[in-house]
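Biologist: Please put the model up. I would like to go through its helix packing, its chain contact and its cores.

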Amino acid sequence: MPPLLEAHRISKRFPGVRALDDVSLTVASGEVLALIGENGAGKSTLLKILAGVQPPDSGEIFVDGKLARFRGVEDALSMGIALIHQELNLADNLDLAGNIFLGREPTRRGLLDIPRMHREAAHWLTRIGLEIDPATPLAALSIGRQQLVEIAKALSTSARLLIMDEPTSSLSARETETLFDVVKGLSRQGVSIIWISHRLGEVKSLADRVLVLRDGKNAGEIPTREGIDHERMIHMMVGRDIDRLARRPSHPPGEVVLAVDELRTPAHPELTVSLDVRSGEIVGIAGLVGAGRTELLTTLFGVTPAGGGTVAIAGRAITPRSPQEAIHAGIALVPEDRKEVGLILDMTVRENMSLVAVANESWLGFIDFQAEHTLANAMIPALSIKSASDTQSVKFLSGGNQQKVVMAKWLAMKPRVLLLDEPTRGIDIGAKAEIYDLLHRLAGEGLAILFVSSDMEEVLSLADRLLVMHEGRIAGGLGRDELTEENVMRLAAGGTHTRMSA
Amino acid sequence: MNAMIATLGGTLRRLISPKVIGILGILAAVCLYTAVASDNFLQAGNLERIVHRTALFGVLSIGVAFVIITGGIDLSIGSVVCLVGVLLPWLLVHHGWSVPVAVAFVLGLGAIIGLLHGLLITRLGLQPFVVTLCGLLFYRGVARGLTQDNSQGFGTAFKGLRSLATARIPIFGDAGFQLPATTLIFLVIAVLAAVFLNRTVWGRHLVALGCNEQAARYSGINTGRMTLLAYVISSTLAALGGMLFVLDINAAQPSDFGNFYELYAIAAAVLGGCSLRGGEGSILGLIVGSALMVVLSNMINLVHPRYQNIEFAIIGGVILAGVIADEVVRRFARRRLAP
């Protein structure tokens with residue numbers, strides 16, 4: 001019997017990156033396949049292709065042994081393949097039945113057939129173990145249960161393969177437990193699952209088979225339940241590149257440059273955050289999505305107003321109310337979204353680099369083009385930026401080089417504190433190593449660096465000290481000798497979730 | 001030295017972008033066609049009228065270009081032209097204000113109107129379209145109310161002040177083409193605007209904000225203040241334009257003076273390469289765009305007078321064709337650059 005789904009030598013390029021390079025994958029009926037890999041390994045791209053969201057550049061997909069060409073999500077759905085996004089696609093103003101049948105509501109004489117909707121919705125809900133009245137409004141359910149509703153919705157379209165993208169990323173321990181039971185039950189009923197996760201403990205307790213991606217390629221497979229083991233998975237995910245990302249020696253930290261005392265951010269106004277960063281120190285902030293890390297950085301940078309507390313730079317309280325005030329005090333922020341927030345894509349490399357510092361180099365408000373040119377031509381070699389010239393439009397650069405232009409923009413103002421949000425997201429491994437080297441060099445020159453990252457490898461290799469956030473507060477700090485994935489995950493999950501250390 | 005060459009190259013490239021070359025080509029074609037089809041086109045008087053009207057509409061267009069570059073829009077220009085156009089003679093003739101006070105007052109009024117628009121947009125977060133649409137209705141209403149709908153003019157007085165708009169400078173001697181004074185005023189404003197946009201920090205910030213407001217804000221640019229500035233410039237230049245129009249025509253009927261001028265100004269800016277998405281615009285392109293609007297209208301008058309009643313349709317069609325051509329070229333370029 002042919003496998004339910006077979007993807008054969010799938011490749012996909014995006015401007016500047018090869019997201020997938022000859023990746024193959026098979027899923028049998030009733031199988032739970034875990035797909036793991038670092039951020040940027042190509043997992044998201046692969047699952048989007050499998051679910052018909054994007055077409056591959058090359059390669060074929062077979063369903064039940066027959067060649068399938070998905071022109072859109074509908075095509076994949078009609079073949080029984082459903083994608084369950086990390087962010088739920090539900091309407092919280094409707095009830096459960098309304099959500100399950102959204103877009104394909106049964107009708108009678110042109111009107112909604114509500115009794116039938118409720119009857120059928122109840123059937124699907126029961127199948128995943130949710131004994132709830134289908135007339136319950138969705139908003140009354142917890143996130144975990146809403147996710148189960150999403151699964152019921154997928155099943156009601158007669159899905160035979162569920163692709164679940166980091167399904168537990170915002171679930172509590174108990175909700176995760178329930179989800180595991182549902183997935184195991186579905187698997188026994190012959191439904192296949194592709195489970196994408198960063199949490200290796202989860203993979204170990206759930207998966208029948210593990211497929212590893214690295215840098216857009218197949219990096220290995222663990223074919224049996226018995227073979228699934230932590231060390232082996234980490235080794236396959238990180239692979240040979242572990243040397244290049246190896247730890248640099250840390251610098252002896254100087255005095256406190258950034259002191260944050262009981263700061264309240266708009267995302268979690270009821271909680272306070274306190275932390276210190278010393279000169280020459282690289283401090284990381286880890287945590288799950290939604291833990292309030294980005295909001296902490298934007299509040300420190302004055303983009304979102306602080307609801308209380310103080311921020312001091314070198315002992316002077318400033319608590320910025322706008323980015324101008326933050327910059328004036330010597331704070332720089334390399335934001336998460338390079339294209340939307342970090343850069344002005346339609347401007348040149350040179351104009352982007354001088355955007356912050358240009359005002360200081362001006363005379364009576366006139367731009368000093370000579371100084372601008374000098375700046376760009378000092379920064380390009382110093383950061384080894386690959387660009388045809390400094391008048392090249394920045395949109396034509398690769399992700400790594402664009403990120404270096406953002407860094408150059410901030411280094412030009414000679415900051416005292418450098419904040420970075422996901423500093424290497426979507427950047428290839430070579431440029432990553434260069435950015436890490438650069439950050440270490442800057443720390444050596446006395447800069448205080450605070451970075452947020454969801455990339456475990458980055459957190460472990462870059463941070464001199466790590467703070468882990470959980471639901472708006474700092475759940476704990478880890479020194480260099482305590483930095484292990486297990487410790488980070490335990491704190492990120494709220495410090496009580498023992499499953500993660502399994 | 002290298003830097004200077006690079007800078008000069010950059011400036012030249014910016015001045016003579018493909019877009020400007022395209023619109024210059026259209027302008028040349030329309031001029032050529034009109035010159036061949038009508039003997040009157042190349043006569044000194046006609047050419048004077050063309051550069052004169054280009055200057056008057058160009059002043060409005062430069063103003064609105066600043067707003068368009070920030071990604072906003074100013075629909076109130078025609079009504080500001082009207083308000084200033086009736087206020088200036090009304091204050092001078094009916095209320096006996098002195099010339100410097102009246103001129104300072106109407107220009108200051110323009111600045112305050114712009115400030116008000118800018119504050120409503122940046123502080124209250126209202127949409128530029130809505131704010132300036134209300135302005136469009138409000139200022140015309142005020143102009144009509146103040147004057148009881150009576151036409152305002154200077155009669156035979158204030159010749160000195162009026163010469164700002166009516167004087168002709170005999171650059172080739174007394175015969176033939178004489179340069180309208182308005183053209184000089186316009187050129188001074190155009191050069192100032194070009195220097196501001198291309199050579200100053202504020203100009204750079206304005207363009208950055210128009211390209212990507214978020215990124216500009218995260219780079220420490222005071223985006224609110226720059227947006228405010230753009231609206232002040234737009235309304236002040238509208239006031240200056242209104243003053244020049246009334247000095248030139250010597251009669252302002254409150255119910256229709258300046259009607260649709262905001263649309264001429266926006267059309268000229270768009271033809272000249274401003275993108276309504278913001279972040280793009282060149283002063284040279286805008287001058288050519290203004291000239292094209294005026295020459296098109298002149299062509300219809302001279303060559304096809306019986307089509308005068310569909311003048312709007314013809315101008316609208318030409319602008320649409322220009323914008324479509326631009327988009328097609330852009331898509332073609334993007335496809336070639338895509339990896």
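Biologist: At what angle do helix 3 and helix 13 of chain B pack?

Modeller: This is a predicted model, where local features need pLDDT of at least 70, side-chain atom pairs count only at pLDDT 80 or more, and totals for chains, interfaces and linings use all residues. Residues are numbered from 1 along each chain as its sequence is written, with chains lettered from A and ligands numbered from 1 in the order in which they are written. Helix 3 (residues 44-69) of chain B has its axis 8 Å from that of helix 13 of chain B; axes are lines fitted to C-alpha atoms, for helices over the stretch in contact, and angles run from 0 to 180 degrees between N-to-C directions. The angle is about 135°.

Biologist: Which class does that put helix 3 of chain B in, relative to helix 13 of chain B?

Modeller: Angles under 35 degrees count as roughly parallel, over 145 as roughly antiparallel, 65 to 115 as roughly perpendicular and the rest as oblique. Therefore helix 3 of chain B is, to helix 13 of chain B, oblique.

Biologist: How many charged residues are in the contact of helix 3 with helix 13 of chain B?

Modeller: Charged means Asp, Glu, Lys and Arg; Ala, Val, Leu, Ile, Met, Phe, Trp, Tyr, Cys and Pro count as nonpolar, and the others, Gly among them, as polar. The contact of helix 3 of chain B with helix 13 of chain B has eleven nonpolar and six polar residues. The charged count is one.

Biologist: How closely do the axes of helix 12 and helix 13 of chain B come?

Modeller: Helix 12 (residues 261-271) of chain B crosses helix 13 (residues 283-303) of chain B at roughly 125°. That makes helix 12 of chain B oblique to helix 13 of chain B. Their axes come within 7 Å.

Biologist: How many residues does chain B give to the contact with chain A?

Modeller: Two residues are in contact if their C-beta atoms, placed from the backbone, lie within 7 Å. Chain A gives 28 residues. Chain B gives 21.

Biologist: Which residues have the most contacts inside the largest nonpolar core?

Modeller: Such a core is a set of buried Ala, Val, Leu, Ile, Met, Phe, Trp, Tyr and Cys residues joined through C-beta atoms within 7 Å, buried meaning 20 or more other C-beta atoms within 10 Å of the residue's own. The largest has 173 residues. Helix 11 (residues 223-249) of chain B gives the most to this core, 16 residues. Those with the most contacts inside it are Ile331(A) and Leu419(A).

Key
Helices (H or I, at least four residues) and strands (E, at least two) are DSSP runs, numbered from the N terminus. A residue is buried if 20 or more other C-beta atoms lie within 10 Å of its own, exposed if 12 or fewer, and partly exposed in between; C-beta atoms are placed from the backbone.
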